[in-house]
Amino acid sequence: MSLPRHQAGTRVSPGRQGVADFAEAIAPVFDTRLRDVAASGPDLWISSVNVGPMLLGYAHMSGGTFSYGRDHRKVAATGLDLILVQIIAEGGDRREAYRGEVEASVGDVCLLDLTRPFHSEAQACGNFSLAIPREALAARDRDLDDLHGRVLGRDTAAARLFKSHVETLWSFAGELSVADAPIVGRTTIDLLAGLAMPASGDPAARAAIAESQLGRIRRFIDANLDDSYLGAEVLCRRFGLSRASLYRLFAPLGGVREHIQNRRLRRAFDALTDPSLSHLPLSQVVEGHGFSAWSSFARAFKARFGLAPGEAREIGAAAALHASAAEARGQGLPDWLRALDGADL
C-alpha cells in the first residue's frame, strides 16, 4: 500500500477555489494573505505525503505577494507542538522570528517552533517542508530551546546534505509503502538531529527560552497518563491555574478531559498492537494507562478506533499501520497535522 498523499491549490482547482483550498490546507499552521495578484492569477499549490512519524510536503507560491505566519492568537488557537523544517527550493522569502528579519534563499534550511510566533512574505517561492513532533527530536537528546528562527546557510555542509536527502526522498516518495514509512521517517529525523541541532547541554547552545504553558501542561499529562486521578483539578493545582484558564488553553484540543482520554487511548492502542507486549493480560494494559473500569475503556476504545481492544491485539503492528494509512486517505493535511501532533514516537 502506497503512502497517503494530499494535494490542494490552483493546479488542482483553478481560480478562487484553488486559492481557498490552499489556504485551508495550511490553516492549522499559518494564517495567510494574498495581495498584488498578477493578471494571470496566483499559482499556489501544495502536495503532502504522510511518512509515518513526520509529514513531508512541497509548497509553491507565485503570481502575487503571499504573506503567511503565526501570531500569539494563532499559536493558542491551534495548539500544535511541532517543529517545522522548510528548505528553500525556488526563489526565496523574507521571514521574521525572534532573531529578527532574515532573507532566505535557495538552499537555506529554516527551522521553526510552531509554539512561537513567525511571519514570512514571498512573491515567488517553493519550499520543501517537514512537520515533526517536538518529542521526536527531544527523544534524540537534542536541544530545542534555541531552535526557532534558525537558518542553516545554503553553503554549510549540514544544509547541503539535508537538502539532498529530502530531495531524494521526495523524488521516490510515490514508491514508498506504508511499511517503509516508520524507518524512513525515523532515519530522516535522526539525520536532521545530527546535522542541524546541538546536543542537550552543549555549551554553545543559548540560554533556554521558556516554552509555552500549554506545551508544559501537555508534557506533564503525557508523563502522568498512568495516574487515574489525572484531571483538571490536578492540573490547576500543579500549574496554578483557574479552571476557566485551563479550559481556555485546551479548547483548541477539544477540552482537557477529551485530550487526556485521547492520549490514554492512543497509548493503549500502541501497547495492544506491539508484539513485544502481547504476553500482558488486557486488564494489565488497561490499568497501566490510567483506566479504572474495563467497560468504559472498551466503549471509548471502540468509539475511537472502530474495533474492540482484543481485535486490536489480533491485527498486530503491521495491520495497524495499514489501518492508520487507510484512515489518512480519507483525510486532508489539516487532519494529518493534528494527528501528528498527538502521535507517540
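Here are a few questions and answers about aromatic rings and one proline in this predicted model.

Biologist: How many aromatic pairs does the structure hold?

Modeller: A pair of aromatic rings is described by the distance of the centres and the angle of the planes. Going by ring centres within 6.5 Å, the count for the structure is 13 aromatic pairs.

Biologist: Take Trp 45 and Tyr 58: is that pair stacked, edge-to-face or tilted?

Modeller: Their ring centres are 6.3 Å apart, and the planes sit at 50°. Stacked needs under 30 degrees and edge-to-face over 60. With 50° between the planes, the Trp 45 and Tyr 58 pair is therefore tilted.

Biologist: Which strands do Trp 45 and Tyr 58 sit in?

Modeller: Both residues are buried. The two are 13 residues apart, and the pair links distant parts of the chain. Trp 45 belongs to residues 43-51 and Tyr 58 to residues 54-62, that is, strands β3 and β4.

Biologist: Which ring does Arg 5 lie over?

Modeller: Arg 238 lies over the face of Phe 239, at 5.1 Å from the ring centre. For Arg 5, the distance to the ring centre is also 5.1 Å, and the ring is that of Trp 170.

Biologist: What does Pro 252 touch, leaving out residues up to four places away in sequence?

Modeller: Pro 252 and Ala 77 are 175 residues apart in sequence, yet their C-alphas are 5.5 Å apart in space. The residues touched are Ala 76, Ala 77 and Thr 78.

Note on methods:
Residues are numbered from 1 along each chain as its sequence is written. This is a predicted model: local features need pLDDT of at least 70, side-chain atom pairs count only at pLDDT 80 or more; totals for chains, interfaces and linings use all residues. Side-chain values use heavy atoms; hydrogens and water are left out. Rings of Phe, Tyr and Trp (its six-membered ring) pair if their centres lie within 6.5 Å; planes under 30 degrees apart count as stacked, over 60 as edge-to-face and the rest as tilted. Helices (H or I, at least four residues) and strands (E, at least two) are DSSP runs, numbered from the N terminus. Buried means under 20% relative accessible area, exposed over 50%, partly exposed in between (1.4 Å probe, protein chains only). A charge sits over a ring if NZ of Lys or CZ of Arg is within 6 Å of the ring centre and within 35 degrees of the ring normal. Contact means heavy atoms within 4.5 Å.
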